[in-house]
Amino acid sequence: MSLQMVTVSNNVALIQPGFSLMNFDGQVFFFGQKGWPKRSCPTGVFHFDVKHNHLKLKPAVFSKDSCYLPPLRYPATCIFRGSLESGKHEYIIHGGKTPNNELSDKIYVMSVVGKNNKKVTFRCTEKDLEGDVPEARYGHSIDMVYSQGRSMGVLFGGRSYIPAAQRTTEKWNSVADCLPHVFLVDFEFGCSTSYLLPELQDGLSFHVSIARNDAIYILGGHSLANNIRPANLYRIKVDLPLGSPAVSCTVLPGGISVSSAILTQTKSDEFVIVGGYQLENQKRLVCNTVSFEGDKIEIHEMETPDWTPDIKHSKIWFGSSMGNGTVFLGIPGDNKQATSEAFYFYMLKCAEDDANEDQKTLANSQTSTEDPGDSTPFEDSEEFCFSAEANSFDGDDAFDTYNEDDEEDESETGYWITCCPTCDVDVNTWVPFYSTELNKPAMIYCSHGDGHWVHAQCMDLAEHTLIHLSEGSNKYYCNEHVKIARALQTPKRAPPLKKPPLKSLHKKGPGKILTPAKKSFLRRLFD
């Protein structure tokens with residue numbers, strides 16, 4: 001194993017925890033930036049070009065018949081082939097977090113439709129499902145199994161937000177384990193079926209999953225309900241006859257306690273587990289080999305690379321597999337220096353350069369830090385705005401001109417929305433109004449009905465009021481709904497007004513002297 005530091009020449013701030021890497025015929029592509037794609041790269045997908053330990057991000061191109069693909073963090077991804085012998089493959093993407101920390105329940109299919117020396121053209125399509133549709137989630141896994149000439153997707157685990165009825169402004173980003181259901185997804189017919197297996201009692205997230213022919217192996221993971229990382233090893237076997245599928249689960253010995261680890265394949269029947277956590281604030285610096293012989297699986301510790309002091313002492317690390325036995329790792333930079341980078345990056349090669357990836361065995365893992373996005377609602381909604389101009393990329397890497405239809409989802413959700421009839425926040429002219437803002441308009445949650453987000457600037461909120469509402473659990477209603485909300489409240493019963501006796505009006509004394517004009521007025525009033 002060899003460890004080399006990697007320098008990033010452009011747009012290093014795009015690489016944040018929760019990203020994914022996809023390998024198409026030896027070319028690696030980056031997906032999952034923290035903010036919405038902007039005009040410099042409407043697709044949000046970049047070619048991960050590494051040469052001589054130097055990384056350059058080059059914007060990728062999508063075909064005109066592609067759907068919009070939001071930059072999802074912590075999604076489940078896997079390779080899909082029509083058959084085990086097929087040379088071409090597609091990537092399945094399910095779930096994940098949007099830049100507004102909303103969870104996606106959609107399934108996207110990415111494929112290559114054009115390729116030349118300068119660029120690769122992708123097609124992205126959205127797959128609709130019927131039946132037992134998995135709820136929106138992140139930190140889960142999706143893998144493909146092949147049995148008797150048929151293929152099926154297997155989805156398991158993950159986290160989801162607590163039900164909407166239990167969510168408040170204070171606890172808006174609270175999450176819970178998804179139920180330990182196993183979903184079989186038929187991508188050909190667009191249907192999904194859920195199975196509840198007695199061996200799977202607890203929900204798991206950020207586990208490692210390995211697909212091998214007709215079985216899925218689940219290792220490690222984290223359970224929020226129990227706050228443990230059980231050293232379990234499950235084998236989920238799927239039989240696909242012409243009739244109904246048969247799904248079974250077996251608990252195997254020899255599991256490991258780890259979450260958020262990175263899995264990479266080194267040989268046709270061998271994998272390496274890198275990174276992860278054994279406790280909430282303790283990284284797992286041990287690497288393991290996972291080898292198969294038939295249906296038998298063995299997990300052993302292996303010689304670890306010479307970790308640098310920065311890697312050893314950092315509290316978090318994250319990354320993803322680049323394929324061919326190579327792992328891309330990131331750790332936080334040194335914040336003590338004013339010019340330090342947000343993250344430092346390394347490439348760990350777990351196999352020889354001439355190692356060939358087996359086409360029959362596919363691997364998948366939920367790589368991340370232990371979900372650093374779960375913080376206070378105000379901080380958790382931070383968005384990274386892509387501010388680089390188009391000419392910051394190489395001129396020979398031409399890509400399609402910006403098409404506003406590519407960002408149609410931002411009209412429905414996001415910071416660049418029309419939050420009310422008088423909203424005047426414009427992506428092209430917006431400037432910060434509050435010291436709490438970084439590179440996005442400050443927002444507050446309106447509790448009316450199903451709730452919606454509005455700009456604090458448009459609601460004319462003072463900064464101290466904005467902070468107070470963000471930290472508290474009290475409900476807030478925007479200008480458009482505050483009158484409706486008040487109408488729903490029962491007004492407090494007011495005591496009757498006491499009328500002074502008439503004779504007091506004629507009482508003379510200090511301050512009670514009646515002028516001739518007042519006397520004339522009173523005579524006319526009571527006559």
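Two strands are taken to pair if DSSP finds at least two bridges between them. Strands (E, at least two residues) and helices (H or I, at least four) are DSSP runs, numbered from the N terminus. With these terms in hand, an open sheet of four strands can be described, ordered S22-S23-S26-S27 with antiparallel pairing. Its edges are strand S22 (262–267) and strand S27 (296–302), each of which pairs on one side only. From one strand to the next, the twist averages 25°, where axes are lines fitted to C-alpha atoms (for helices over the stretch in contact) and angles run from 0 to 180 degrees between N-to-C directions. Within this sheet, strand S23 (residues 270–274) and strand S26 (residues 287–293) are antiparallel partners over four bridges, and Glu270 stands opposite Ser291 in S26.

The model is a predicted one, in which local features need pLDDT of at least 70 and side-chain atom pairs count only at pLDDT 80 or more, while totals for chains, interfaces and linings use all residues. Residues are numbered from 1 along each chain as its sequence is written, and side-chain values use heavy atoms, with hydrogens and water left out.

The protein has five helices and 33 strands. Of its 527 residues, 51% are buried; here buried means under 20% relative accessible area, exposed over 50%, and partly exposed in between (1.4 Å probe, protein chains only). The protein exposes about 26,300 Å², and carbon and sulfur atoms supply 50% of that area. Accessible areas come from the Shrake-Rupley method with a 1.4 Å probe, and for residues only the protein chains shown count as cover. Among contacts (heavy atoms within 4.5 Å) with a separation of 6 or more, 60% are between residues 24 or more positions apart.

Another set of paired strands involves S4 (residues 45–51). Five of the seven residues of S4 are buried, so this strand is largely enclosed by the rest of the structure. Strand S3 (residues 27–31) runs antiparallel to S4 and is joined to it by three bridges, with His47 in S4 as the bridge partner of Phe29. S4 also pairs with strand S5 (residues 54–59), in the antiparallel sense and over six bridges; here Phe48 has Leu57 in S5 as its bridge partner. S4 and S5 form a hairpin with two residues between them, and His52 in the turn has a positive phi of about 55°. In a regular strand the side chains alternate between the two faces of the sheet.

Positive phi values also occur in two loops. Gln148, which is not a glycine, has a positive phi of about 50° and lies in the loop between strand S12 (141–147) and strand S13 (150–156). At 57% relative accessibility, Gln148 counts as exposed. Asn227 has a positive phi near 55° and is found in the loop between strand S19 (215–219) and strand S20 (233–239). Asn227 is partly exposed, with a relative accessible area of 49%.

Attention now turns to an annotated site. An unreviewed UniProt entry carries the annotation "binding site" for Cys446, His452, Cys478 and His481. These residues are spread over 36 residues of sequence yet cluster in space, with a largest C-alpha distance of 10.8 Å. UniProt positions are given in the numbering used here, feature names are shortened, and annotations may be inferred rather than shown by experiment.

His452 lies in strand S33 (residues 452–455) and is partly exposed, at 22% relative accessible area. Leaving out residues up to four places away in sequence, His452 touches Cys419, Ile444, Tyr445, Cys446, Cys478 and His481. His481 sits in the loop between helix H3 (463–471) and helix H4 (482–487) and counts as buried, at 14% relative accessibility. The side chains of His481 and His452 make a polar contact (3.3 Å), a term for a pair of N or O atoms within 3.5 Å; within protein, one must be able to donate a hydrogen and the other to accept it, and residues adjacent in sequence count only if both atoms are side-chain atoms.

Cys419, one of the residues touched by His452, is found in the loop between helix H2 (377–380) and strand S32 (443–446). At 7% relative accessibility, Cys419 counts as buried. Ser447 lies in the loop between S32 and S33 and is likewise buried, with a relative accessible area of 19%.
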